[in-house]
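Thanks, everyone. Please bring up the sequence and the model on your screens, and I'll walk you through the contacts.

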Amino acid sequence: MNREGVPGKSPEEMYIQQKVRVLLMLRKMGSNLTASEEEFLRTYAGVVTSQLSQLPQHSIEQGESGLV
């Protein structure tokens, strides 16, 4: 990823946004998050709300049906 290519976002903001997205995807796939990961999501609830609206709306299983 090109971290310098996003105007108006600091590296820390980008890190937070990316971490929130990864944690939300892991949760959506059924992974159990650690207490510290859940706390991170609570701390950055505004980012969570923004990221939730950007997640794919189809389930993970739908995309895997052609792989078997």
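Start at Val47. Leaving out residues up to four places away in sequence, Val47 touches Ile16, Gln17 and Val20. Val47 itself is found in helix α3, which covers residues 45–52. One caution before we go on: this is a predicted model.

Is Val47 buried, exposed or partly exposed? Its relative accessible area is 24%. The cut-off for buried is under 20%, and exposed means over 50%, so Val47 counts as partly exposed.

Let me zoom out for a moment. The protein has four helices and zero strands. Along the sequence the pattern reads α-α-α-α. It has 68 residues, and 16% of them count as buried.

Phe40 has 13% relative accessibility. That is under the 20% limit, so Phe40 counts as buried. Phe40 is also part of an aromatic pair. How many such pairs does a search of the whole structure find? One. The partner is Tyr44, and the pair is tilted, with 4.8 Å centre to centre and 45° between the planes. Tyr44 has 27% relative accessibility, and counts as partly exposed.

Lys19 lies in helix α1. Its relative accessible area is 29%, so Lys19 is partly exposed.

Next, charges. Side chains of opposite charge can pair when their charged atoms come close. How many salt bridges are there here? The count comes to two.

Take Glu38 first. Glu38 forms a salt bridge with Arg27, and the closest N and O atoms are 2.6 Å apart. This pair links distant parts of the chain, with Glu38 in helix α2 and Arg27 in helix α1, eleven residues apart. Glu38 is partly exposed, at 23% relative accessibility. Arg27 is partly exposed too, with a relative accessible area of 37%.

Then Glu39. Glu39 forms a salt bridge with Arg42, where the closest N and O atoms are 3.0 Å apart. Where do these two lie? Both are in helix α2, three residues apart, about one turn of the helix. Glu39 counts as partly exposed, at 40% relative accessibility. For Arg42 the relative accessible area is 54%. That is over the 50% limit, so Arg42 is exposed.

Last stop, the surface. The accessible surface of the protein comes to about 5200 Å². Carbon and sulfur atoms hold 56% of that. Which residues form a nonpolar patch there? Val22, Leu26 and Met29 do, with about 260 Å² of accessible area together. Met29 sits in the loop between α1 and α2.

To recap. Val47 in helix α3 touches residues including Ile16 and Val20. Glu38 and Arg27 link helix α2 with helix α1. Val22, Leu26 and Met29 form the nonpolar patch on the surface. And again, all of this is read from a predicted model. Over to you for questions.

Technical notes:
Residues numbered from 1 in each chain as written. Predicted model: local features only at pLDDT ≥ 70, side-chain atom pairs only at ≥ 80, totals over all residues. Heavy atoms only, no water. Buried < 20%, exposed > 50% of the residue type's maximum accessible area, 1.4 Å probe, protein only. Areas by Shrake-Rupley, 256 points an atom, 1.4 Å probe, with all protein chains shown as cover. Patch = residues over 30% accessible without salt bridge, like charges linked within 9 Å, V, L, I, M, F, W, Y side chains within 5 Å. Salt bridge = Lys/Arg side-chain N within 4 Å of Asp/Glu carboxyl O. Phe/Tyr/Trp six-rings, centres within 6.5 Å; stacked < 30°, edge-to-face > 60°. Contact = heavy atoms within 4.5 Å.
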